[in-house]
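Please consult the sequence and the structure while reading.

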Amino acid sequence: MLSRLETLYTDFKNQLNKLNKTNDVLNLKSQILGKTGTLSEILKSLKDATPEERKVLGSKSNQYKNEIEELVQKKLAEIELAEINSTLENSKVDFSLTDSVLEQGLKSSGLHPVSLIQREIEDIFLSMGFEVLDGPHIEDEFHNFEALNIPSDHPARDMQDTFWFQDMKHLLRTHTSTIQVRGMSQRKPPFQFVGPGKVFRNERTDATHEMCFHQLEGMMVGKNITVANLIYFMKTLLKEIFKKDFEIRLRPGFFPFVEPGFELDIRWKKPGKGESPHGGWLELLPCGMVHPNVLKMSGIDPNEYNGFAFGLGLDRLVMVRYGIEDLRHFHSGDLKFVSQFKSF
Ligand code: DAH
């Protein structure tokens, strides 16, 4: 019986070597290991063997069974790899970046409208003496909330549906105000900077909401800064972005990190569609005077210095400027969408 087993194993290996199709390998496997397969038959006949024979044959059969299964898996993986390689070799796609491919690509693509606006705004602020700062997407609770005057029991935490990490200490930043905190603690006043970037909220996606969107935070800290300074910079920004003057208004708005806090609206007419709702006012930009606690927490003396801050929603601005109705285009990866935007 032992020799039958050994012949079976050698025959199997010889046959397997000759095969190069998945189905043939699976057939061979079932001829041996299937319910009525040759090895299964040998295992069944073990009941007639003596206890000593059964011991030896039993362990040998199991060993061969495992080896056969392993060899079959290995062979199947080899066949799959060979098939992928041959598909790639025969494929008509040219992966090399020739001049003509490059030229075509440059002609038909463009910057994403959010990148376009972000770069324009960075340039506007750079020209006015602001720095452009960056910050991490993964933040800790301190930089996202506590240092912005939002302690753990503050109801304002509920305004921002947060993606927490399992340790419940780290999170995906919910706003770019985190860049304020990092920027302030690394500088001595006077200073001014903007911080653009992606932010994340655990929200259901629809035409005006995405779980990942873009903001641009800005702040100026120095001596005797007033709301008039804030209004000046915001008006200049809007004029540069839309190439026209806007009537603006400030309404009170609540954000724990500013006092007073405002919502800045612009008088807006949808092209060809008459006045927009809310009497033609469009809410565009939350802002305010930096709360003394926020300055203090970043090591700045609020008796000596003050400042303003604002948080611009870049996606909203893009939608308004280009008349885009649905935010979901932004992450669609559709080159046709991306290629149609130019600076104003
Ligand atoms: N961080 C706020 C948010 O995402 C936006 C904001 C409001 C930023 C007021 C500011 C500000 O700097 O002053 O909801």
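A residue is called buried when its relative accessible area is under 20%. The model discussed here is predicted.

Q: Is Phe 337 buried or exposed?
A: The cut-off for burial is a relative accessible area under 20%. Phe 337 has a relative accessible area of 7%, so this residue is buried.

Q: Which class describes the ring pair of Phe 330 and Phe 337?
A: Phe 330 is buried, with a relative accessible area of 5%. The ring centres of Phe 330 and Phe 337 lie 5.9 Å apart, and their planes stand at 35 degrees. Planes under 30 degrees apart count as stacked and those over 60 as edge-to-face. The angle of 35 degrees therefore makes the pair of Phe 330 and Phe 337 tilted.

Q: How many aromatic pairs are there in the model?
A: Rings pair if their centres lie within 6.5 Å. By this rule, the count of aromatic pairs is 13.

Q: Which class describes the aromatic pair of Tyr 9 and Tyr 64?
A: The ring centres of Tyr 9 and Tyr 64 are 4.3 Å apart, with 20 degrees between the planes. Planes under 30 degrees apart fall in the stacked class. The pair of Tyr 9 and Tyr 64 is accordingly stacked.

Q: How many residues apart are Tyr 9 and Tyr 64?
A: Tyr 9 is buried at a relative accessible area of 11%, and Tyr 64 is buried at 7%. Tyr 9 belongs to helix α1 (residues 2-18), whereas Tyr 64 belongs to helix α4 (residues 51-90). The pair thus links distant parts of the chain, and its separation in residues is 55.

Q: How far apart do the C-alpha centres of domain 1 and domain 2 lie?
A: The domain assignment gives domain 1 as 2-90 and domain 2 as 113-339. The distance between the C-alpha centres of domain 1 and domain 2 is 65 Å.

Q: Which strands stand at the edges, each with a single partner strand?
A: The open sheet has seven strands with mixed pairing, in the order β1-β4-β5-β9-β8-β7-β6. A strand with a single partner has one side left without a neighbour in the sheet, so the edges are formed by β1 (131-132) and β6 (248-252).

Q: Which residue in β7 stands opposite Arg 251?
A: β6 and β7 (residues 258-267) run antiparallel and are joined by five bridges. The residue in β7 opposite Arg 251 is Glu 263.

Q: Which helix packs on the sheet with a direction about 30 degrees from that of β9?
A: Helix α8 (residues 177-185) touches β4 (191-200), β5 (212-222) and β9 (306-313), and its direction makes about 140 degrees with that of β4. Another helix, residues 227-242, touches β5, β6, β7, β8 (281-290) and β9. The angle of about 30 degrees with β9 belongs to helix α9.

Q: What is the bridge partner of Met 289 in β9?
A: Eight of the 10 residues of β8 are buried. β8 pairs with β7 in the antiparallel sense over eight bridges, and three bridges join β8 to β9, also antiparallel. In β9, the bridge partner of Met 289 is Phe 308.

Q: How far apart in space are Phe 246 and Trp 268, C-alpha to C-alpha?
A: Phe 246 lies in the loop between α9 and β6 and is buried, with a relative accessible area of 10%. Its contacts beyond four places in sequence include Leu 238, Ile 266 and Trp 268. Phe 246 and Trp 268 are 22 residues apart in sequence, and their C-alpha distance is 8.2 Å.

Note on methods: Residues numbered from 1 in each chain as written. Predicted model: local features only at pLDDT ≥ 70, side-chain atom pairs only at ≥ 80, totals over all residues. Heavy atoms only, no water. Phe/Tyr/Trp six-rings, centres within 6.5 Å; stacked < 30°, edge-to-face > 60°. Helix = DSSP H or I, 4+ residues; strand = E, 2+ residues; numbered from the N terminus. Buried < 20%, exposed > 50% of the residue type's maximum accessible area, 1.4 Å probe, protein only. Domains from an automatic or database assignment. Pairing = 2+ DSSP bridges. Contact = heavy atoms within 4.5 Å. Axes fitted to C-alpha atoms, helices over the stretch in contact; angles between N-to-C directions.
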